[in-house]
Amino acid sequence: MSQYERMEQGLIYDPNDEEIMNEQFPFYEKLYDFNRLRPSQMDEKQKYMKEVFAECGENCYIELPFHANWGGHHLHLGNNVYANFGLTLVDDGHIYVGDSVMFAPNVTIATANHPLDPELRRKGLQYAKDVHIGENTWIGAGAVIMPGVTIGKNSVIGAGSVVTRDIGDNVLAVGCPCREIRKIGEHDHEYFYKNERIDYENL
């Protein structure tokens with residue numbers, strides 16, 4: 001089994017393997033150019049996302065700069081995904097993002113990790129575990145999502161949270177480590193901030 005196949009299967013592998021580096025390096029070059037596009041170059045941005053990402057749905061938008069080990073080559077976006085400035089992906093593994101997900105500034109999603117054994121780390125070995133984010137989820141500013149995590153649909157991850165375990169559907173989850181603190185429900189349908197009511201008649 002090649003090192004690339006080991007990477008794809010979530011096994012410990014050598015990221016400096018020649019086959020992997022030859023596959024990965026061209027995406028670095030493309031990403032360099034992507035991050036130098038002007039705000040008005042919308043067509044060029046869309047072209048990059050459609051060509052480089054594993055999947056890219058309709059009406060997706062990423063504020064630059066955007067950082068990714070593989071340039072987003074292992075990123076799967078649904079429709080209507082929005083990412084604010086500074087999205088960082090350690091996308092050695094695959095990252096699956098559902099429809100209408102929003103990323104606040106400076107979110108990090110890491111699929112790669114290193115063994116705890118010091119001798120394996122000394123050899124530069126690592127492994128990658130896929131991340132899944134359900135539809136209509138909002139990831140707050142500065143959140144960090146760790147390898148192998150699944151976040152359910154319609155949930156909110158609070159700013160600065162470190163998500164080390166799976167998060168369910170329709171919940172508010174915050175903290176370090178991130179934990180579910182309550183369900184999102186009728187109160188949130190009536191109030192948008194503390195005791196301020198949503199004025200639906202004007203929306």
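Student: Buried means under 20% relative accessible area, exposed over 50% and partly exposed in between, with a 1.4 Å probe and protein chains only. On that basis, which residues of helix α3 are buried?

Tutor: In α3, which spans residues 42-52, the buried ones are Lys45, Tyr48, Met49 and Val52. Helices (H or I, at least four residues) and strands (E, at least two) are DSSP runs, numbered from the N terminus. Keep in mind that this is a predicted model, where local features need pLDDT of at least 70 and side-chain atom pairs count only at pLDDT 80 or more, while totals for chains, interfaces and linings use all residues. Residues are numbered from 1 along each chain as its sequence is written, and side-chain values use heavy atoms, with hydrogens and water left out.

Student: Let's switch to sheets. In what order do the five strands of the open sheet run?

Tutor: The order is β1-β4-β7-β12-β15, and the pairing is parallel. β1 (55-56) and β15 (150-151) are at the edges with a single partner strand each, so one side of each lacks a neighbour in the sheet. Two strands count as paired if DSSP finds at least two bridges between them.

Student: How many bridges are there between β4 and β7?

Tutor: Three, linking residues 75-77 of β4 with residues 95-97 of β7 in the parallel sense. Leu77 has Val97 in β7 as its bridge partner.

Student: What about the sheet of seven strands, what is its pairing?

Tutor: That open sheet is mixed, in the order β2-β5-β8-β13-β16-β18-β19. β2 and β19 (178-183) are its edge strands, each pairing on one side only. Within it, β8 (residues 102-103) and β13 (residues 138-139) pair in the parallel sense over two bridges, and Met102 stands opposite Trp138.

Student: Is the β18 and β19 pairing parallel or antiparallel?

Tutor: Antiparallel, with five bridges between β18 (residues 171-175) and β19. The two strands form a hairpin with two residues between them, and Leu172 is opposite Arg182 in β19.

Student: Which peptide bond is cis at Pro177?

Tutor: The bond joining Cys176 and Pro177 is cis, with omega about 5 degrees, and Pro177 sits in the loop between β18 and β19. The bond from Leu64 to Pro65 is cis too, with omega near 10 degrees; Pro65 is in the loop between β2 and β3. For context, most peptide bonds are trans, and most residues other than glycine have a negative phi.

Student: What is the phi of Asn170, then?

Tutor: Positive, about 55 degrees, although Asn170 is not a glycine. Asn170 lies in the loop between β17 (162-163) and β18 and is partly exposed, at 29% relative accessible area. Lys194 likewise has a positive phi, about 50 degrees; Lys194 is in the loop between β20 and β21 and counts as exposed at 63%.

Student: New topic: is Thr137 buried or exposed?

Tutor: Thr137 is buried, with a relative accessible area of 1%, in the loop between β12 (131-133) and β13. A polar atom of the Thr137 side chain lies 3.2 Å from the backbone oxygen of Gly134. A polar contact is a pair of N or O atoms within 3.5 Å; within protein, one must be able to donate a hydrogen and the other to accept it, and residues adjacent in sequence count only if both atoms are side-chain atoms. Beyond four places in sequence, the contacts of Thr137 include Ser100, Met102, Ile151 and Asn154.

Student: Last one: which residues are closest to the centre of the largest pocket?

Tutor: Trp138, Val156, Ile184, Asp188 and Phe192, out of 17 lining residues. The pocket holds about 410 Å³ of space, and β20 (191-193) gives the most to the lining, with three residues. On a 1 Å grid over the protein atoms alone, a pocket is an open set of points where a 1.4 Å probe fits, with protein on both sides within 12 Å along at least five of seven lines; lining residues have an atom within 4 Å of a point. Grid points are joined across faces, edges and corners, and the volume is the space filled by probe spheres set on the points.

Conventions:
Contact = heavy atoms within 4.5 Å.
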